Amino acid sequence: MSARAPLGLRSYLFAPANHARRAEKVFAAGADAAILDLEDAVAVAEKAAARPLLVAAMQRPRNARGYARVNGVDSPFWQDDLAVVVGPWLDGVVLPKAESAAQVRSFVAHLEDCERQARLAPGTLDLMLIVETALGVVNVEAIAAASPRIGRIALGGGDYTSDLDLEWTAEEEALAYARARIAHASRAAGIEPPVDTVVIEVRDQARFRRSALNGRRLGFLGKLCIHPDQVAPCHEVFTPGPAEIARARAIVAAFRDAEARGVASIQVDGVFVDYPVVYKAQRVLALAERLAPAVTGDG
Amino acid sequence: MSARAPLGLRSYLFAPANHARRAEKVFAAGADAAILDLEDAVAVAEKAAARPLLVAAMQRPRNARGYARVNGVDSPFWQDDLAVVVGPWLDGVVLPKAESAAQVRSFVAHLEDCERQARLAPGTLDLMLIVETALGVVNVEAIAAASPRIGRIALGGGDYTSDLDLEWTAEEEALAYARARIAHASRAAGIEPPVDTVVIEVRDQARFRRSALNGRRLGFLGKLCIHPDQVAPCHEVFTPGPAEIARARAIVAAFRDAEARGVASIQVDGVFVDYPVVYKAQRVLALAERLAPAVTGDG
Amino acid sequence: MSARAPLGLRSYLFAPANHARRAEKVFAAGADAAILDLEDAVAVAEKAAARPLLVAAMQRPRNARGYARVNGVDSPFWQDDLAVVVGPWLDGVVLPKAESAAQVRSFVAHLEDCERQARLAPGTLDLMLIVETALGVVNVEAIAAASPRIGRIALGGGDYTSDLDLEWTAEEEALAYARARIAHASRAAGIEPPVDTVVIEVRDQARFRRSALNGRRLGFLGKLCIHPDQVAPCHEVFTPGPAEIARARAIVAAFRDAEARGVASIQVDGVFVDYPVVYKAQRVLALAERLAPAVTGDG
């Protein structure tokens, strides 16, 4: 368990694949990853034209990981999407509206065909699923375990709250259940920590920050972003801060000393510390190290 | 998804079937539906006498939909209940303590026998299930998908909190999980939105209103009521208000304009709007239209 | 349902089995039960030596029930643990990290072998499972129903929050989902009410008390304790107080009178009372009676 080391991507910033200026700017916004969208942000008449534009944008020099969000498997577009966009220029694929294990398996089979045709070893591309319907939440344990190709699952709050007529308040009580289901399913299946929902109030950074804290509290690592201004608060929330790092170091050091004396449970500042607390501290330090430039910048 | 149009019943007011004055008054309380009860409110010795009284009450002129709550399938009464009360005078049947798909299916089979004997086409009567035990919640996805006859599922908070020894505070944290399970199961099965729990503090309208807001936030449409005074706050909460309608109209109009320009994601008052947000706005307008007299009365 | 009568243990206080002074003091702390630990609190090199120390501690005169926490079935220790510690000196066994029904069934089979070898009738020892991982929560309904030997399930918050990288705040929002799953699974399987998590802030009694109230609200009865100072607030929260008892008596008495008049639903102080509310009141009184000395002491 202590060995589990999440990749540590904190921000995934969307841009429409067929909007040249935005598809270029998205890589300069400081996000850890950019998602060029072929789905909701692209009108039906534009689907075919958007695919090569996505590839061109990915092929330019860039300093963020590049994902393509293809259309869902209930659409007539996803297979053509994959046929064009899968290639060595891409870091990963995002499948929206994941609703069943069978659906995900058929998507993965087609993805691997496309990887082979692009002369990529199957498994090269990362795969993120977006769960954003009641059916997706109800089936999320099976979805998370459907394929070893699944890298992580994200919650899509816009479709989700619409599908169930939930009220998406600032406190986000209505998202707690879906977050819990997705986090448990991800961990039980041994995939990466889940990625938290977009926030659609694009001018309200306090609300974004609050949502990110909600997600982090419930086991999410990183967030889908739909505006460049959301990247900074996203990184602030999902980067371990100096106090958190100092505390993790103190726990690890005190426990190492105790173990050397044959003791496996101690107190650090009034808190009982045993193996699980130490493992968590070790993961904080591993994440901080992986994000070292950002952390140095913060600290 | 945009086509989904809930029936829009907001209030289901209970009265004991064997209490003549209350069974008459229940139809004059302004509720969208009345439920004449053969179960908990009727003592065992009164069960047989209550059935024809229920039929008589339903046969009188009335201006609310009429439902019969029969006894649960773990009782010796439910088959005789159905045999007497099913007829052209009835709008629907309420089955309490739904706990498994098999149980619901056997209930439906018997209900359809009774419909045939009453010369009603099977499917004439609406069916509401009440989930009100831990077992019912654990099985709710299977229950919701057990039969195409199921119209909607209600949460029964009294039995539920008793079954699990939950504390039913005004904040109702202890109901959040059951509400989420029922809402997801209902939507995943494609049935009507669920109906929220009774509130047993019959003199406390603020508490009722708060509970209704909790239910609405979590995807419920309408509420079980046990006192005529609960109908007005119920309708207030579950009827779209002028501000909500105006906002929905603005979203739909702005998006229609954008779509005409080939754009599928816009901002309206600082909020990102794409298809799911538009679908939700359309449902608000559809509900407002269906409730037109009430809305006009409110606005 | 009214017949359900929980055993009423409120506090389970841990001590390391190989720490002679603490293993003795744990029985004098006033807890309803003591758990001598062979798992996390005992270093690997000490496992073998700890077993006979546990037996010796259990054999001394003591005035609290005595449980042994053995090592998990993913360790090489649990079978030897059982072989040594099972005997007439023990009240029950605690299995940590329960994650699947199959795992629990194989544990129970071995436990019953050990009971037979110790000339105990299979079924003599109580069995508590600790669910403390995402996988355990995902499988908790199957786990609770895996064997009639299961007495109760406890939530282990330290491992659980570490496994999922949850933030364990004072409000404990991140525990709500696991508490709900465990409470529903326990009730649906017909086992005892679940036991709430440890609190690792051992100097912060207000935090412990708040956590106990959270657990009680969500259907838990009793709590795992890791410090003697946690026993008093634990008993305070899980013992029905004078006001609660008086109210339960009033409900039961008023309903008995109503029933005698053929009425099955009444109001008591503005609250609607029918069978489920009465059943709950009866359980409060039954618990108060079982805890009579404590209640008398409190009142």
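In chain A of this predicted model, A:Ala68 sits opposite A:Val93 of strand β4(A). Strands β3 (residues 65-69) and β4 (residues 92-95) of chain A run parallel to each other and pair over three bridges.

- The open sheet of chain A has seven strands, ordered β6-β5-β4-β3-β2-β1-β7, with parallel pairing.
- At its edges lie β6 (152-155) and β7 (223-225) of chain A, each of which pairs on one side only.
- From one strand to the next, the twist averages 30 degrees.
- Helix α2 (residues 47-59) of chain A packs on this sheet and touches β2 (33-37) and β3 of chain A. The direction of α2 makes about 175 degrees with that of β3(A).

**Where chain C meets chain A**
- Chain C brings 25 residues to the contact and chain A brings 28 residues.
- About 2,500 Å² is buried between the two chains, and carbon and sulfur atoms give 58% of that area.
- On the chain C side, C:Asp165, C:Glu167 and C:Tyr177 lose the most area to chain A, together 23% of what that side buries.

**Polar and charged links**
- Four salt bridges are found across the interface of chain C and chain A.
- A:Arg216 and C:Glu167 form a salt bridge through their side chains, at 2.5 Å from N to O.

**What chain C contributes**
- Helices α5 (134-138) and α7 (157-163) of chain C each supply at least two residues of the side that touches chain A.
- The largest share of that side, six residues, comes from α7(C).
- By type, the chain C side divides into 13 nonpolar, four polar and eight charged residues.

Conventions. Residues are numbered from 1 along each chain as its sequence is written. Chains are lettered from A and ligands numbered from 1 in the order in which they are written. This is a predicted model: local features need pLDDT of at least 70, side-chain atom pairs count only at pLDDT 80 or more; totals for chains, interfaces and linings use all residues. Side-chain values use heavy atoms; hydrogens and water are left out. Contact means heavy atoms within 4.5 Å. Buried area is the accessible area (1.4 Å probe) that two parts lose on being put together, summed over both. Helices (H or I, at least four residues) and strands (E, at least two) are DSSP runs, numbered from the N terminus. Ala, Val, Leu, Ile, Met, Phe, Trp, Tyr, Cys and Pro count as nonpolar, Asp, Glu, Lys and Arg as charged, and the others, Gly among them, as polar. Two strands pair if DSSP finds at least two bridges between them. Axes are lines fitted to C-alpha atoms, for helices over the stretch in contact, and angles run from 0 to 180 degrees between N-to-C directions.
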